[in-house]
Amino acid sequence: MQETNFEVDHIYRLMEYKDIIKLHIIATNRHEKKQIEAKLESCETVGMQVAGIFTPSQIVQKAGYTLKDAFTGENVTDEDISVGWTIVEGNTRFHAWLLALNKKEKNPDYKVFDYIFTVREYPSGEDFQKTYRRINIDNVPTKTKDFTQDLLATSQNKILASYNSKIKFGLVAKAAGIATVNQEILKDDLVKCFQGRIPKILSDESVLTFTDPVYDATLRAFSSEKHIKPILKGTAVWKFNASMLSRAKDEEREFIMMALVQMYENLSARTFSRIMDAKTDGNKTKEQVVYDILAESFDKEIKK
C-alpha cells in the first residue's frame, strides 16, 4: 500500500504533498546547474506548462534503477521505496522548484511556481524500463532551426526566412548561417529575439545584398537548383565565400561579391571535379583542401 495514494492521470500540486510524500529520483538522472537555472527562469515567467510524471518507486527498483531521495540526494531504504514515488518525467523542473523554495526562504515575497504532476503505473519493471528509455531517446534538445521556425511563425525576419529556406533545402544549420550572414547563427541569437533584443546579425538585412547572389551562383555552379550536392550541405564551400566577403572593406564588398559570382559562373569542369573529389591531404582537412582550390580559382578571377 502506498503511503500517499494518488489517482492516475489526475493533476496534483507538489506543494500540498512535499511534507508527506516519499519522493525519489533515479540516481543517473541529469543534474546540470545551467539547465536547472534556465528551467527556473522559464517557470518563473510562464509557470510549469507540462505536468511531471511520478510512478511507484517499487516498479522503478524492479527495473534495476538505483534511487535517491529527491529532496536530500541521500540513499533510500527498501522501506522508503515500498511507499515512495519516483520522478519519471520532470526531473529538471523539480530541481528548479527546489531552487525556487530556497529563494522563498530568503525572500518571503517571492512566489514559488506550482510544480504540478500526474501519476502513471506500469505493469512491470520491464515495461517501465522500455518507457523510460524511450522518453530519454525522444528528449532531444530544441535545436536552432526549431527556434527559427517558432520565430517565423509569429514574426517576419528576412534573414531568418533566408536561413530557414536553406535548411529546408538541405544545408546543415551551421552552413545555412554561414551562407546567409557569413557566420553561424547560434541558439543564443534566437533566444535574444524571443526577449525582444534582436542581434545585429539578424537585423542588418543589407548582408543579404551580398550573400544572396553568391549563394545563388554557388548553387548554379554545382547544378543544385533542385537537388543539393553533398559538398554544399556542409560548411566547406560556404566558409570560403564568407571568408572573402567578411574580409572585404565596405567599399570593396560589392566588387568581391561580383568576383565570387563570376568565379562560380566560370567554374571549369576540372575545378568542379577537384572540389567534388577533394579528400584529406596530409595535415590538411577536406575543408582546407576545398578552400585552397576555391582560393586558387578566385585569384585567377580577380586577375582577369
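Analyst: Let's start with a charged pair: Arg-274 and Glu-296 form a salt bridge, with their closest N and O atoms 3.4 Å apart. That pair links distant parts of the chain, since Arg-274 sits in helix H15 (residues 269-276) and Glu-296 in helix H16 (residues 286-302), 22 residues apart. Keep in mind that this is a predicted model.

User: Are Arg-274 and Glu-296 buried or exposed, or something in between?
Analyst: In between. Arg-274 is partly exposed, with a relative accessible area of 28%, and Glu-296 is partly exposed at 33%.

User: Why would side chains like that pair up at all?
Analyst: Side chains of opposite charge can pair when their charged atoms come close.

User: How many salt bridges are there in the whole structure?
Analyst: A search of the whole structure turns up 13 salt bridges. One of them joins Lys-284 to Asp-292, with an N to O distance of 2.5 Å. Lys-284 is partly exposed at 39% relative accessibility, and Asp-292 is also partly exposed, at 33%.

User: What about Lys-130, which residue does its side chain meet in a salt bridge?
Analyst: Glu-126, at 3.7 Å from N to O. Both residues lie in helix H5 (residues 125-138), 4 residues apart, which is about one turn of the helix.

User: Why does a spacing of three or four places matter in a helix?
Analyst: An α-helix has 3.6 residues a turn, so residues three or four places apart point the same way.

User: Are Lys-130 and Glu-126 buried or exposed?
Analyst: Exposed. Lys-130 has a relative accessibility of 53%, and Glu-126 comes in at 54%; the cut-off for exposed is over 50%.

User: OK, new topic. How confident is the prediction, on average?
Analyst: The mean pLDDT of the chain is 91, and 96% of its residues reach 70 or more.

User: Where is confidence lowest and where is it highest?
Analyst: The lowest is helix H6 (residues 144-154), with a mean of 81, and the highest is helix H8 (residues 173-181), at 97.

User: Let's stay with H8, then. Is H8 enclosed or open?
Analyst: H8 is largely enclosed by the rest of the structure, because 7 of its 9 residues are buried. The buried ones are Ala-175, Ala-176, Gly-177, Ile-178, Ala-179, Thr-180 and Val-181.

User: What covers the buried residues of H8?
Analyst: The cover includes H7, helix H10 (200-203), helix H11 (208-221), helix H12 (230-233) and helix H13 (236-247).

User: And what follows H8?
Analyst: Asn-182 follows H8, and its phi is positive, near 70 degrees. That's a positive value in a residue other than glycine. Asn-182 is in the loop between H8 and helix H9 (187-194). At 18% relative accessibility, Asn-182 counts as buried, given that buried means under 20%.

User: You mentioned H7 as part of the cover. What can you tell me about Asn-164 in that helix?
Analyst: Asn-164 lies in helix H7 (residues 158-169). Asn-164 is buried, with a relative accessible area of 8%. Setting aside neighbours within four places in sequence, Asn-164 is in contact with Thr-148, Gln-149 and Leu-152.

User: Which residues have the most contacts inside the largest nonpolar core?
Analyst: Phe-222, Trp-238, Leu-260 and Tyr-264 do, in a core of 52 residues. Not counting residues up to four places away in sequence, Trp-238 touches Leu-171, Ala-175, Ile-178, Ala-179, Tyr-215, Thr-218, Leu-219 and Leu-232. Apart from that core lies another, of 29 residues, with Cys-43, Ala-70, Ala-96 and Leu-98 among them.

User: Last one: how many helices and strands are there, and is the chain compact or spread out?
Analyst: There are 16 helices and 6 strands in the chain. The chain is more spread out than a compact globule, because its radius of gyration is 27 Å, well over the 19 Å that the globule rule gives for 304 residues. Along the principal axes, its C-alpha atoms fill a box of roughly 85 × 45 × 35 Å. Of the 304 residues, 43% count as buried.

Definitions and conventions: Residues numbered from 1 in each chain as written. Predicted model: local features only at pLDDT ≥ 70, side-chain atom pairs only at ≥ 80, totals over all residues. Heavy atoms only, no water. pLDDT = per-residue confidence, 0-100. Helix = DSSP H or I, 4+ residues; strand = E, 2+ residues; numbered from the N terminus. Salt bridge = Lys/Arg side-chain N within 4 Å of Asp/Glu carboxyl O. Buried < 20%, exposed > 50% of the residue type's maximum accessible area, 1.4 Å probe, protein only. Contact = heavy atoms within 4.5 Å. Core = buried A, V, L, I, M, F, W, Y, C linked by side-chain atoms within 4.5 Å. Rg over C-alpha atoms; globule rule 2.2 N^0.38 Å.
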